[in-house]
Amino acid sequence: PILCYLEGTWILDDDILEEPFDSDRHQIDAKSWQQLHDKIRWMANSGRKSTLENFSHLPSSIRNLLNDTYPIVSNWEYRILCAPLKNDIPTSRFRIEDDLSVQLMGGPETREELYYS
């Protein structure tokens, strides 16, 4: 058996777009994050689609402010990893981990607060 999983993180937008993982079928058809976002926006607004499917919709977010005015943009990058396992693991052993601290940073601290917010 093989266990495959996704790792992801926000990285600072430094105008360099690197492939998050090797692929035999696809490569991102852009040299920078700005070029990728511009191509995706143009395709979406024109109702077109890349026939090679080499555009990734990787989100970006304002993650900080420089001097409380200039936005610092981060982009989401991910990779898919696989590791062979020595023994079989029944899927019933896997559980989804509920992590409200990450999902609601600075927001409600309990489910009750979330319900009433």
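Predicted model: local features only at pLDDT ≥ 70, side-chain atom pairs only at ≥ 80, totals over all residues.
Residues are numbered from 1 along each chain as its sequence is written, and side-chain values use heavy atoms, with hydrogens and water left out.

I then searched for aromatic pairs and found one. Trp-76 pairs with Trp-10 edge-to-face, at 5.5 Å centre to centre and 65° between the planes. The rule takes rings of Phe, Tyr and Trp (its six-membered ring) with centres within 6.5 Å; planes under 30 degrees apart are stacked, over 60 edge-to-face and the rest tilted. Trp-10 lies in strand 1 (residues 2–12) and Trp-76 in strand 3 (residues 70–84), 66 residues apart. Trp-10 is also partly exposed, at 31%.

Next I checked the secondary structure, which comes to three helices and three strands (DSSP runs numbered from the N terminus: helices H or I of at least four residues, strands E of at least two). Along the sequence I read the pattern β-α-β-β-α-α.

I looked up salt bridges (a side-chain nitrogen of Lys or Arg within 4 Å of a carboxyl oxygen of Asp or Glu) and counted one. Arg-79 and Glu-7 form this bridge, with 2.7 Å from N to O. Arg-79 is partly exposed at 38%, and Glu-7 is partly exposed at 32%.

For the interior, I recorded that 14% of the 117 residues are buried. The largest nonpolar core has seven residues: Leu-17, Ile-28, Ala-30, Trp-33, Leu-36, Ile-40 and Leu-58. Such a core is a set of buried Ala, Val, Leu, Ile, Met, Phe, Trp, Tyr and Cys residues joined through side-chain atoms within 4.5 Å. I listed the contacts of Trp-33 (heavy atoms within 4.5 Å); leaving out residues up to four places away in sequence, they include Leu-17, Leu-58 and Trp-76. Of the chain's contacts with a separation of 6 or more, 54% join residues 24 or more positions apart.

Key. Buried < 20%, exposed > 50% of the residue type's maximum accessible area, 1.4 Å probe, protein only.
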